[in-house]
Each structure stands twice: as C-alpha cells, then as structure tokens.
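Trainee: Please take me through this model one point at a time, and show how each answer is reached.

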Amino acid sequence: MFVAHNLKNRVKIRSQLIYILRTHLCVINSAYPICDFSTHNYKNRVVFFEGNPKVSMDLNSSLSSNTIFVVSTLTKPTEDAKSSPTSSDEVHKPICYWPGVYHSPVTDALWNERVSINERLFDIPDDAPPPTELLTRTPSESRTTIVYAFSSDSTLREQYKDPWNEFRIGKLLEDLDALACTVTFKHCSDDDITTRPLMLVTASVDRIVLKKTISVDKDLKISGSIIWVGRSSIEIQMEVITEGEGPDDSDSEALTANFIFVARDYKTSKAAQVNRLTPETEQEKFLYDGAEARDKARRMKRGEDKKQSDKLEVNRLEALLSEGRIFCDMPALADRDSILLRDTQLENALICHPQQRNLHGRIFGGFLMHKAFELAFSTAYTFAGIVPSFLEVDHVDFYKPVDVGDFLRFKSCVLYTEHESHDNPDQPLIYVEVVAHVTRPEMRSSVVSNTFYFTFTVRPEAKATKNGFRLRNVVPATEEEARRVLERMDAEALQRSQST
C-alpha cells in the first residue's frame, strides 16, 4: 500500500507539472483591456505585472502616452485553464516563441512590440526594395522604458531571482540586449510598408557596470535611448534604476550599459545607412559627443599594428612567464599560492536550437551573453571556493553571427586576479574571459564568434566565513596566454584612466 500510495502521488504530481507547462501565459489576456497591444495607446514604456496591476510605486503618475503593458509569461499553478490565450491571441507570434520559456518576459514583450510596429518582419517579399529615404529622429522618439513590478507580481519575481534573492545577471544581460535592439529598431524604422526593414545586429558591448546589487523584492526600471548614430552603427545607452532606494534617480542607479548595433541590408547583408539623430537637450548633446569620441578611439585602435612590440612588452611577457615555467619544469618548487591559467578553465557546449533565434532567424545575442555569464560565474565560483559577486562586463565583441544548428562551445578561464581593487582594499578581483567558438565538425572548422570579459569579486558575507581567505595568483604557461593577460591588463588600466 505504501508503494502504491507513492506511485499515485507521483502520477498526480507529474500530471500537475505537465498542466503547468502547457498553460504558460505568453500573450496579453483579453480580460484586461488595458493590456491590448492593438490599441497602440501606449508605445515606449513596458510595464510588467500579472493580471490587473496593483503596483507598489505610482506608475500612473510617471507613465507617458507611449506605454506598453505586458504580463509575466508563466501562469500560477492555481490559474484556470480558461484564462489561457486562444488562437485569436496568437497574431504576429511565431511558433518558436511558444510556450514562452525560452525567452524572458521582457524579450517576449519587446519582440511583440517590434512586430506591431512593422508587420513585414515575418513576410518580407523577395522583390521589396531597400529603404531609400533617411529620416531625422530625436532620442526621445525611440526612448523606451521597462518596469518590472516585482513587488506585486510573485510569478515574475520567481522567473528572475537567483539563489540569493537577487536579480539573475544572465537574464538581465539578455533583457538589456533585447531592449537595445528594440530602441534601435524604432529609430531605424522608415514608416514605409513597401520597403524591406533593416537587419540589426549586436556588434559589441562597451561596458556594463553594476554599481549595487539588484534585489527582486523591489520594483525595477530600465530605460534605453539612442545617444549616437554613425553611417551604419548606433550606440544605445541603458540605465537600470531601483525604485525606492533614494530621493532621485542618480542615487538609485544600479547599472549602466552601452551597446553598439550595426545595420545590415536584409537581402544582401551589406552595411546599410540608418536614420540620422538630432540631440535636443544639453544632456543628449553631451552623450552624443562622448559617444563620437569613443567611436573615433575604436577606429584608431583597429588601425594600430598589433604586431609591433617594444622592449618593455618583451620584459613584461618574460616576467609573466617566469613563474609559469617553474610550474612546467619544476612543479614541486612552484608557488603554492599560484595556479596555472589552464588549470582554471571550464567549458560548455550546446547545439543552437530554433527556440533561441531572434526575429532575423539567427541566435539571439542576449542568449549568448546569458550563457557566457553563467559559465563565467561558475568559473569564478570554482576558482575562489566561495560565492562570487558580479561587478562588470568589461567588453563584449560579436565577431561572427551564430545560426540555428551551429555547434557552440564556450571556453572560460581566469586570466588574472588582484588582491584588492583600486576603490576598495577589502575587495579582491577575479577577471574571467569567455570565448565562444562556432564549430562545424563536417567542415573541420572552428571560428571565434564572441569574446566576453567579466569581473567578479567575492561576497563579503562568504569571505567572512573563511578566516585568512586569499585569492591565488594566476600565471600563464605560454606566450599566447601571457599576451592575452597583458592585453586585458592594459584595457583595464585604460578604462580606469578614462573614468578618473
């Protein structure tokens, strides 16, 4: 009887789980007219809540006339199946987006918004001409805000929290990329239904700095706007604001991020011109000038001859390699407070499935950043031996597009460590590199598609549990490893000099 009773319970639990998985709420329920996308009364602000909203902060007082309302993509176990969306609600949503577990609520809502702006995304005629007229737009025309109503939506909170009741950074990176692309899409739209839309691709991420931990107990707001436009490239700046943390936005700013997108012709994949940008306010003009200076610096860096080497660089390489040679030639005499770079490596591999593609049919850049962060976090965790805490993404390069069906390999390692940061002597730093390779076994080829650089520290409460805790030094064993370390050290030093 005991076994039979347990089997009945297992069957019952399994049936409930299947029911939950089959009843994901992925589109707006028609029971709430305020959420109807078809009205287009709200355009440039995305608010997340479940059901009829009762948000703790006064959203109505701060909402503009351009707002999108969405709900979390998962239903509660107690919700009635009758509340699930009907076939009539599935307009403009490709089958790969269902049941909604492959994309975050933000991604799901923002992609719906893009489709509502341009219905040609999924039915582009072969003979559609490219955009011919360039428009002049202002930053305010494409500025978009997302509000996560965590305080009133327990289901949404469950989708985003990590084991320490903080916002999952990997999902945040995914949402930031989706928001940046939506802002870019709005700016590049030509309002002509007869032309084919541009294909927008994430080119790089300049820097993402976490200024404070983000809790999922309080509502969160992300704003994104265009700050600079070149011929075919666009820079988007985003700010993450925690509600109720201070009297003004500057006091509650938790994170800043700068994304670079490039526009490509949908048919030829060649660089395409984008709409012009006219900053209006003094702040917008200041951001525009700063972004233009960064673009010039990037062009100068690309033009430098990386093969040039002087005596100082040779000396630095030798200094880095000296300890590594002892590890290789005399391991019994090596420094016990050091470890070889290759011994910090972790690797992950996956097949890219259709559920992870974006509106253009390629793998979503935010998904790649999400996976890279998870591996980097694990690398820092296994290296330090205690729970790490994310500080920043220093730089991300998107070299090659990743397609559905690609065999993707992520390889990570700790490049080097610092026993104290420049701002806080009690804050050790762990610098992690993640490289993504697109591998094609049939063609016997493997190319680098992305590089990611993350900086972590250790949680103070975890550090306090280990008396005399100290990070080990990481030493390279080859010249190639030493050059990678020096390159990141120089980039970090440059970032510090520019921020002071």
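Trainee: What is the relative accessible area of Ser-269, and is that residue buried, exposed or partly exposed?
Mentor: In this predicted model, Ser-269 is placed in the loop between β8 and β9 (276-277), where helices (H or I, at least four residues) and strands (E, at least two) are DSSP runs numbered from the N terminus. Its phi is near 65°, a positive value in a residue that is not glycine. Buried means under 20% relative accessible area, exposed over 50% and partly exposed in between, with a 1.4 Å probe and protein chains only. The relative accessible area of Ser-269 is 39%, so the residue is partly exposed.

Trainee: Where does Asn-165 lie, and what is its relative accessible area?
Mentor: Asn-165 also has a positive phi, of about 60°, although it is not a glycine. The residue lies in the loop between α5 (154-160) and α6 (169-188). Asn-165 is partly exposed because its relative accessible area is 27%.

Trainee: How many contacts beyond four places in sequence does the model have for residues 74-101?
Mentor: Contact means heavy atoms within 4.5 Å. Over residues 74-101 the pLDDT stays under 50, which calls for care in reading these contacts. For this stretch, the count in the model beyond four places in sequence is 55.

Trainee: Which strands pair with β7?
Mentor: Two strands pair if DSSP finds at least two bridges between them. Strand β6 (residues 220-229) meets β7 in the antiparallel sense over nine bridges, with Val-229 partnered by Ile-234 of β7, and a hairpin of three residues joins β6 to β7. Strand β7 (residues 233-242) is mostly covered, nine of its 10 residues being buried.

Trainee: Which residues have the most contacts inside the largest nonpolar core?
Mentor: A nonpolar core is a set of buried Ala, Val, Leu, Ile, Met, Phe, Trp, Tyr and Cys residues joined through side-chain atoms within 4.5 Å. The largest such core has 100 residues. Not counting residues up to four places away in sequence, Phe-454 touches several residues, including Leu-173, Phe-373, Phe-390 and Tyr-431. The residues with the most contacts inside this core are Phe-259 and Phe-454.

Trainee: Which residues is Ser-389 in contact with, leaving aside its neighbours within four places in sequence?
Mentor: Ser-389 has its place in strand β12 (residues 388-398). With a relative accessible area of 15%, the residue is therefore buried. Its contacts beyond those neighbours are Thr-455, Phe-456, Thr-457, Val-458 and Arg-459.

Trainee: How many disulfides does the structure hold?
Mentor: Cys-352 counts as buried because its relative accessibility is 1%, and Cys-413 is buried with a relative accessible area of 2%. A disulfide is a pair of cysteine sulfur atoms within 2.5 Å. The number of disulfides in the structure is zero.

Trainee: How far apart in space are Pro-441 and Asp-406, C-alpha to C-alpha?
Mentor: Pro-441 is found in the loop between β14 (429-440) and β15 (445-458). At 52% relative accessibility, Pro-441 therefore counts as exposed. Although Pro-441 and Asp-406 are 35 residues apart in sequence, their C-alpha distance is 9.9 Å.

Key: Residues numbered from 1 in each chain as written. Predicted model: local features only at pLDDT ≥ 70, side-chain atom pairs only at ≥ 80, totals over all residues. Heavy atoms only, no water. pLDDT = per-residue confidence, 0-100.
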